[in-house]
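Open your viewer and keep the selection tool handy. This tour moves from one selection to the next and says what to look for at each stop.

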Amino acid sequence: MPSQAEKAEIFKALHEQETAFILPNPWDVGGAQMLTGLGAKALATTSAGHAFTLGKFDSSGGVTREEAIAHAADIVHATPLPVSADLENGYGDSPDAVAETVRAAIAVGLAGCSIEDSTMNREAPSYDFESAVARIKAGVDVARSAGFPFQFCARADGVMIGAYDVNEAIRRLRAFEEVGADVLYAPLLPDLDALKTVTSSVSKPVNALAYGKLAEASLDELSNAGAKRVSIGGGLFNAAQEAFFNAASAMFAEGDFSTLAGLSAGRSIHKARKAGIATLEG
């Protein structure tokens with residue numbers, strides 16, 4: 001089992017490859033085991049999937065720091081792979097709150113984390129520019145004290161939530177880079193051209209979200225557009241829940257169980273999980 005420092009070095013090296021790597025997002029331990037068995041190189045938590053397991057909603061402030069960190073620790077212990085955590089806005093408005101969150105992330109064995117500039121407040125959905133940069137700097141400062149290359153990802157979420165445009169996202173990402181963020185991320189960019197504009201505007205590795213138009217692109221196309229890593233966010237979770245919803249709806253609306261009759265992946269899922277567990281035990 002690699003040490004936390006060794007996993008952080010592995011994670012850093014993945015960002016330095018010429019081509020992009022996939023950073024899938026499990027929402028439970030079984031999913032982390034399966035993704036490990038299927039060949040993932042690193043994992044990241046999904047705030048949306050985790051919130052659902054708690055009966056809460058994403059981006060609402062309902063999930064606490066303690067819940068998110070405990071969940072991240074569960075994923076860390078389920079795999080020998082590097083794990084990064086989606087820690088939303090750091091669970092507080094102040095730079096000190098972000099610092100405390102990153103400190104807790106390091107303490108549970110994570111190799112990285114992401115912090116966004118969303119306020120969780122619909123009235124004013126994004127922090128102002130200066131506050132956003134100050135919060136990222138506070139997180140970076142803690143990350144640099146880890147003693148190993150903890151990968152701090154700074155997110156400009158305004159395009160995704162409709163708070164600002166791609167140009168403002170780039171302005172923020174450049175400022176986040178200047179204060180030391182290791183990875184930069186503007187979720188839900190409208191297309192590959194926008195991704196190319198972002199990646200050509202900064203020098204640090206850029207995370208692309210495989211969602212919307214970018215989910216229609218291949219890994220090679222995203223890599224050629226300049227992305228260094230491709231995360232899924234809540235995508236796998238949404239795919240699983242859509243299958244669940246459709247099957248349950250047919251049962252209750254029509255008494256129809258046919259969607260369950262043709263399932264054949266159970267054995268493959270079991271095999272992948274066993275393979276993932278074997279890598280942990282090895």
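A cavity here is a set of grid points where a 1.4 Å probe fits but cannot get out, whereas a pocket is an open set. Keep in mind that this is a predicted model.

**Stop 1: the enclosed space**

Start with the cavity. The count comes to 1 cavity of 30 Å³ or more, and the largest cavity has a volume of about 70 Å³. Select Thr 45, His 50, Ala 68, His 71 and Asp 86, which lie nearest its centre among the 13 lining residues. Helix 3, helix 4 (65-78) and strand 3 each give two or more residues to this lining. Helix 4 has the largest share, with 3 residues.

**Stop 2**

Now switch to a cartoon view. You will see 8 strands in an open sheet, paired in parallel, in the order 1-8-7-6-5-4-3-2. Strand 1 (21-23) and strand 2 are at the edges with a single partner strand each, so one side of each has no neighbour in the sheet.

Select strand 7 and strand 8 next: they are parallel and pair over 3 bridges. Here Ala 208 stands opposite Val 230 in strand 8.

**Stop 3: strand 3 and its neighbours**

Move along to strand 3 (83-86). In a regular strand, side chains alternate between the two faces of the sheet. Show the side chains of strand 3: Val 83 and Ala 85 lie on one side, Ser 84 and Asp 86 on the other, and all are buried. Asp 86 is also one of the residues nearest the centre of the largest cavity.

Which residue in strand 3 is the bridge partner of Leu 43? Select Val 83 to see that partner. In total, 2 bridges join strand 2 (43-44) to strand 3, and the two run parallel. Towards strand 4, there are 3 bridges, again parallel, and Ser 84 has Gly 112 as its bridge partner there.

**Stop 4: the largest pocket**

The largest pocket holds about 770 Å³ of space. Of its 39 lining residues, Ser 47, Asp 58, Ser 59, Arg 155 and Met 160 are the closest to the centre. Several elements supply at least two lining residues each, among them helix 3 (47-53), strand 5 (151-155), helix 7 (158-161) and helix 11 (235-254). Strand 3 turns up again, giving the most to this lining with 3 residues. By class, the lining of the largest pocket has 15 nonpolar, 16 polar and 8 charged residues.

**Stop 5: the second largest pocket**

For the last stop, select Trp 27, Met 34, Ala 240, Ala 243 and Ile 269, which lie nearest the centre of the second largest pocket among its 21 lining residues. About 570 Å³ of space lies in this pocket. Helix 2 (29-37), helix 11, helix 12 (258-261) and helix 13 (266-281) each supply at least two residues of the lining, and the largest share, 5 residues, comes from helix 11. Colour the lining of the second largest pocket by class to find 14 nonpolar, 5 polar and 2 charged residues.

Terms used:
Residues numbered from 1 in each chain as written. Predicted model: local features only at pLDDT ≥ 70, side-chain atom pairs only at ≥ 80, totals over all residues. Heavy atoms only, no water. 1 Å grid on protein atoms, 1.4 Å probe; cavity = no way out; pocket = protein on both sides within 12 Å on 5 of 7 lines; lining within 4 Å. Points joined across faces, edges and corners; volume = space filled by probe spheres on them. Helix = DSSP H or I, 4+ residues; strand = E, 2+ residues; numbered from the N terminus. Nonpolar A, V, L, I, M, F, W, Y, C, P; charged D, E, K, R; others polar. Buried < 20%, exposed > 50% of the residue type's maximum accessible area, 1.4 Å probe, protein only. Pairing = 2+ DSSP bridges.
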